[in-house]
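Here's a quick briefing to read alongside the model. Keep the 3D view open and click along as you go.

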Amino acid sequence: MRTMQKLTECYARHRKTVWNICYSYLLNPADTEDAVQDTFLRYMESNKSFADTNHEKAWLIVTAGNVCKDELKRARRKNVPLELAGQLPAAADERTELLSAVQSLPDRQKVAVYLHYYEGYSCAQIAAMLHRRENTVRSDLRRARLTLKAKIGGFNDEG
């Protein structure tokens, strides 16, 4: 088990990334907070040693995705009446439409978009983190861009 100091340092370095990954899956701040807590709890209980902070971050990203997938599989999430489901407040930011479009992407595409465009990872790095082929990651990004272009519009090629 890791010391409280190690956990605190890791949390300070990676909490934003883990929160964004979890939010991209769960789309609910309360559930996201629970998933972040579970991710760092797994980190604390893990005896895995990391070569550097990038390796640690990659482990946390994969673990956060797994925590969220487990949460989404639970039956209690499938049986929530629509009137009880919380609604997110609309952001005053003009990027709301893009954010909403990104959040509506399938999970594979959503995570690839976040890691590539928001975290700055290359396709090769994403492939290694998610245990996928590099070409699969490129395909996910390409499909995501096409979907986003269709949803929010793009450049008019006709003139």
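Buried means under 20% relative accessible area, exposed means over 50%, and partly exposed is in between (1.4 Å probe, protein chains only). What you're looking at is a predicted model, where local features need pLDDT of at least 70, side-chain atom pairs count only at pLDDT 80 or more, and totals for chains, interfaces and linings use all residues. Residues are numbered from 1 along each chain as its sequence is written, and side-chain values use heavy atoms, with hydrogens and water left out.

- Cys68 is buried, with a relative accessible area of 0%.
- Cys22 is buried too, and its relative accessible area is 0%.
- How many disulfides (pairs of cysteine sulfur atoms within 2.5 Å) does the structure hold? The count is zero.
- For Cys22, the nearest cysteine sulfur belongs to Cys68 and sits 3.6 Å away, and Cys22 is in no disulfide.

**Helix 7 and its buried side**

- Helices here are DSSP runs (H or I, at least four residues), numbered from the N terminus.
- Helix 7 spans residues 123–130, and its buried residues include Cys123, Ile126, Ala127, Met129 and Leu130.
- Why do they sit on the same side of helix 7? They cover an arc of only 165 degrees around the axis, going by the directions from the helix axis to the C-beta atoms.
- Among the parts covering these buried residues are helix 3 (53–73), helix 6 and helix 8 (134–152), where contact means heavy atoms within 4.5 Å.

- Most residues other than glycine have a negative phi.
- His131 isn't a glycine, yet its phi is positive, at about 55 degrees.
- You'll find His131 in the loop between helix 7 and helix 8, and it is exposed, with a relative accessible area of 69%.
- Leu27 also has a positive phi of about 55 degrees without being a glycine.
- Leu27 lies in the loop between helix 1 (4–26) and helix 2 (29–45), and it is partly exposed at 33% relative accessible area.

**A nonpolar patch on the surface**

- Which residues form a nonpolar patch on the surface? Leu98, Tyr117, Tyr118 and Ile152 do, with about 380 Å² of accessible area together.
- A patch takes residues with over 30% relative accessible area and no salt bridge, joining nonpolar side chains (Val, Leu, Ile, Met, Phe, Trp, Tyr) within 5 Å and like charges within 9 Å.
- Tyr117 belongs to helix 6 (residues 107–118), and it counts as partly exposed because its relative accessibility is 45%.

Note on methods: Areas by Shrake-Rupley, 256 points an atom, 1.4 Å probe, with all protein chains shown as cover. Salt bridge = Lys/Arg side-chain N within 4 Å of Asp/Glu carboxyl O. Helix = DSSP H or I, 4+ residues; strand = E, 2+ residues; numbered from the N terminus. Disulfide = S-S within 2.5 Å.
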